[in-house]
Amino acid sequence: MTGRTDVCVVGAGPAGALVAHRLASAGYDVTVLDAGPRFDGEDEDRTERMERALRPAHHPLSVWGMGGERDAYSTTGERHYPLNHARVKGVGGSTLHWQGMVMRLHEADFERRTRDGVGADWPLSYEDLQSYYAAAEREMGVAGASDNPFAPPREEPHPLPAFPPSYSDSLFAAACERLEIATHSVANARNSEPFDGRSPCVGYGTCRPVCPSGAKYTAEVHVRKAEAAGARVVPEAPVHRLETDASSERVVRAVYASGNGEETVEARQFVLAAGGVEIPRLLLLSASDRHPDGLANSSGLVGRYFMDHLFAGMGGTFDGEVGSNRIGFLTSESHQFYDDPGQASGSIPASDADLGPVKLEFLNYDGTGTVRAPSPVRIALDDGGWGDALAERIRERYGNGIAIGALVGQLPREENRVTLDPDTTDDYGNPVPDVQWHLDGRTRRTIERANEIQRAVMDELAVDIDWVVGPENTGPAFHHMGTTRMGADPETSVVDARLRTHDVANLTVASSSVFPTSGAMNPTLTIAALALKAADHVAADLSGNPPE
């Protein structure tokens, strides 16, 4: 398809889908280009994908068709970054296999430099985003109890009632109460009751990597709504580059691959919503004589300040039934150590170290699926024995395995970056992304602090600990942030508070790539809120009435 439109959106994940729906509903002509296929959304197809995920004969990447030359990447930093482990190229993006946890950043996350003297302040506040958070929760259908005493202010309850706490939650809650740690519900983007034409959760327990019932929100919901409002969605259309006009101050077309070679879409406004790795890659691939270092890169910061959340956790054997592996998502957490990670609590001593936020997660599964945590089957196999002995060990592990996790954020550092690897190319001959990833000392100390808190909880439960994920064997949560950072100064950022690039007047970025700091909260709700905000700004520009 070669044509002209009001808005060209690159990427059909949650940000792109929400932008497309909002703008198409306002009467604008919208075209969405996505690099991957459109998956069959029928229940039978989702059930088949679930079975593929559960059977060991299938590689995990096969569930959503990842891998091969199309998805090649490099990782040349201090730590290997397994990029394909948790991304999906296709209509729906990462929400096709995400965990579905949606929480707002804290007020402190927007003022990290002012409050802690590290990182950067955002050019907008929590109050600036508050109404968009509420709108995002309504669009997704978020279930929650609004009972988190550490969360920022809310203007209204969650749209859907919360899921009840699990049995293992009650075990953790009792231990935490003795340690003076408050527990509370987790907001989830999955239906606790029928909503928006989708069924309530029926408990398949395979939320990651696939929800067969459709109860968990995926961006496909708003892709369909955008199409109903008149938007065009073009799958399997990887964008190779963006081209500018003679002044080099406006993008005029996106060039993408199709079965007929290269085709183009011309538009008045362009929105990049392809995630924190592919967005900087596309901007770097769009280098030209007037933009020799890449499009929108006069600051030299496109691709820099890459951040992720790190996992800390431990698991082991509890003397009794815990009901693990019956719920595929989290129902309880504690944000008590988020704004004050060094506080004392019960038998947990205070720490005066320089620490970042910690989000404690009480896992409803016994370690399977967590970062580098062995599965119960693997533990049983490592213990030796076959036949009846092996079967008995597996039964033991599935009956009383228990685990606790945490997310910890990274500081934004220039050396953590996404760049191009000219020596490795994809199936179209374009350089693949190279993720250069390191851990800083503050992040390591925060992971150690998380482990200290977790061990106190596990000791209170008298758990025989089998595995620990700490600073040396941690891994990413695959929340790609920071590669086109937001800021007021064009010399130290890529986009402004309106999510528009400083260098190119009609180019907007709707993604976690604009996060100046990472916090320790799952980022999708903030991505959605920013996408709705970006859509309003794009609509104002299209109408000829941009805000002051």
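## A buried contact, some hidden spaces and a wrapped helix

Let's start with a pair of side chains: those of Ser185 and Asp147 make a polar contact at 2.6 Å. A polar contact is a pair of N or O atoms within 3.5 Å; within protein, one must be able to donate a hydrogen and the other to accept it, and residues adjacent in sequence count only if both atoms are side-chain atoms. Ser185 sits in strand 3 (residues 184-185). Helices (H or I, at least four residues) and strands (E, at least two) are DSSP runs, numbered from the N terminus.

Before going on, note that this is a predicted model, where local features need pLDDT of at least 70, side-chain atom pairs count only at pLDDT 80 or more, and totals for chains, interfaces and linings use all residues. Residues are numbered from 1 along each chain as its sequence is written, and side-chain values use heavy atoms, with hydrogens and water left out.

How confident is the predictor? The average pLDDT (confidence in each residue, from 0 to 100) is 92, and 93% of the residues score at least 70. Over residues 368-374, though, the pLDDT is below 50, and this stretch has 21 contacts in the model beyond near neighbours in sequence. Contact means heavy atoms within 4.5 Å.

Buried means under 20% relative accessible area, exposed over 50%, partly exposed in between (1.4 Å probe, protein chains only). Leaving aside neighbours within four places in sequence, Ser185 touches Ala145, Asp147 and Thr331.

Leu355 belongs to the loop between strand 9 (332-334) and strand 10 (358-362). With 9% relative accessibility, Leu355 is buried too. Its contacts beyond four places in sequence include Pro341, Arg442 and Arg449. Pro341 is 14 residues away along the chain, yet the two C-alpha atoms are separated by 6.6 Å.

Now look at helix 7 (residues 275-285): 10 of its 11 residues are buried, so the helix is largely enclosed by the rest of the structure. Among the elements covering those buried residues are strand 1 (3-10), strand 7 (261-272) and strand 12 (417-425).

**Hidden spaces**

Rolling a probe the size of a water molecule over the atoms shows where empty space is left. On a 1 Å grid over the protein atoms alone, a cavity is a set of points where a 1.4 Å probe fits but cannot get out; lining residues have an atom within 4 Å of a point. Points are joined across faces, edges and corners, and a volume is the space filled by probe spheres set on them. There are 4 cavities of 30 Å³ or more. Here are two of them:

| Cavity | Volume | Nearest its centre |
|---|---|---|
| Largest | about 120 Å³ | Pro357, Gln410, Leu411, Arg442 and Ser518 |

Helix 10 (residues 441-460) gives the largest share of the largest cavity's lining, 3 residues.

Most residues other than glycine have a negative phi, and most peptide bonds are trans. Asp196 has a positive phi, near 55°, and is partly exposed at 35% relative accessibility. Leu499 also has a positive phi, about 70°, but is buried at 0%. Finally, the peptide bond from Arg208 to Pro209 is cis, with omega near 25°.

Key: On a 1 Å grid over the protein atoms alone, a cavity is a set of points where a 1.4 Å probe fits but cannot get out, and a pocket is an open set with protein on both sides within 12 Å along at least five of seven lines; lining residues have an atom within 4 Å of a point. pLDDT is the predictor's confidence in each residue, from 0 to 100.
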